[in-house]
Amino acid sequence: MRYAAGIDIGGTNTRVALIDENYKILDRVQFPTDSENPEHTLQKIRTILLQFEYPIEGIGISCPGPLDLIHGTVLTPPNLIGWHQFPLSKRLEEITGVPVCLENDANLACLAEAVIGAGKGKGFVQFLTISTGVGAGFCINGKIFHGARGFAQEVANSILWKNGPAQGDLKKGSIESIVSGTAITKRANDAGIPAAHAGEVYQMAKNGDETASRILEDVYEYLSNFLGILYGILDPEIIVLGGSVALKIPGFIDEIEIRTKQKVYDTLKDHVKVIPAALGEDCGLIGAACLILNEQTGRK
């Protein structure tokens, strides 16, 4: 039996898991991430790995981007201020003596869904998470498509709406500024709706609030436009949607699939399939283990 460590580093918590070749999680430990000092977090990871029952052949790491995937370096993730420009792969290899592979969190969610989740058995799997932000990944025959410099599927700043809403460092009218949970809530609050999250905006729209209904209409329309574009460019067999907005708003994925079918060539309509993610919060851990057990190569 082969074993790998899957690590999911977040701005709030870090999770470390022992995973076997059948992608079963055998052990799991969670602790607060030190967002200011990566060394503290890495030493805790090392201690946990030494306590695992079985020896691991490699470590896969899921981390928010942007990342330099070629050199295994954390660039400038907003929730990990003290980690900027940190050579994560090299340093963790130094203190553990085990090969390390770093990957974008959305890419790993896609990989996990492609290998054992909702896209299992499909050769071309497109994944998007619609949650606090918008992330994406694309897998071909169980391998992550990275593009020329590792920035393939960095879709958050894709511009769809001229002079549309903006948030943070993103450009006006970017997909994340329209359809993410943060964007939905911000637009509602700016319009005088005291919503705490996207689910409350949905509930208000359901109860007849016209402003909330317009905000959700924009979400459905622009996201389905974007998926139609992805079908035209990438021709995926399936699109898997994850994240709290996609999975918790009733009827969200069905509505997106119906509208996406209206945005593609008629000959493609029957091939449009949009389905929910299957692996939940474990997708990052499982995807990280896939980097090792599925023999993902060429990235540090």
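**Questions on a predicted model**

Tutor: This model is predicted. In helix α10, 11 of the 11 residues are buried, so α10 is largely enclosed by the rest of the structure.

Student: Which residues of α10 are called buried?

Tutor: Among them are Cys283, Leu285, Ile286 and Leu293. Buried means under 20% relative accessible area.

Student: What does α10 touch in the sheet?

Tutor: Helix α10 (residues 283–293) packs on the sheet and touches β1, β2, β3, β4 and β7. Its direction makes about 135° with that of β1.

Student: Why is Gln153 called buried?

Tutor: Gln153 has a relative accessible area of 14%. The cut-off for buried is under 20%. Therefore Gln153 counts as buried.

Student: What makes the phi of Gln153 worth a remark?

Tutor: Phi of Gln153 is near 70°, a positive value, and the residue is not glycine. Most residues other than glycine have a negative phi. Gln153 lies in the loop between β10 and α4.

Student: How do you know that β1 and β2 pair?

Tutor: Count the bridges. A pair needs at least two. Strands β1 and β2 have 7 bridges, in the antiparallel sense, so they count as paired. Take Tyr3: its bridge partner in β2 is Asp20.

Student: What is the order of the strands in the sheet?

Tutor: The open sheet runs β3-β2-β1-β4-β7, with mixed pairing.

Student: Why are β3 and β7 said to stand at the edges?

Tutor: Each has a single partner strand, so one side of each is left without a neighbour in the sheet.

Conventions. Residues are numbered from 1 along each chain as its sequence is written. This is a predicted model: local features need pLDDT of at least 70, side-chain atom pairs count only at pLDDT 80 or more; totals for chains, interfaces and linings use all residues. Side-chain values use heavy atoms; hydrogens and water are left out. Helices (H or I, at least four residues) and strands (E, at least two) are DSSP runs, numbered from the N terminus. Contact means heavy atoms within 4.5 Å. Axes are lines fitted to C-alpha atoms, for helices over the stretch in contact, and angles run from 0 to 180 degrees between N-to-C directions. Buried means under 20% relative accessible area, exposed over 50%, partly exposed in between (1.4 Å probe, protein chains only).
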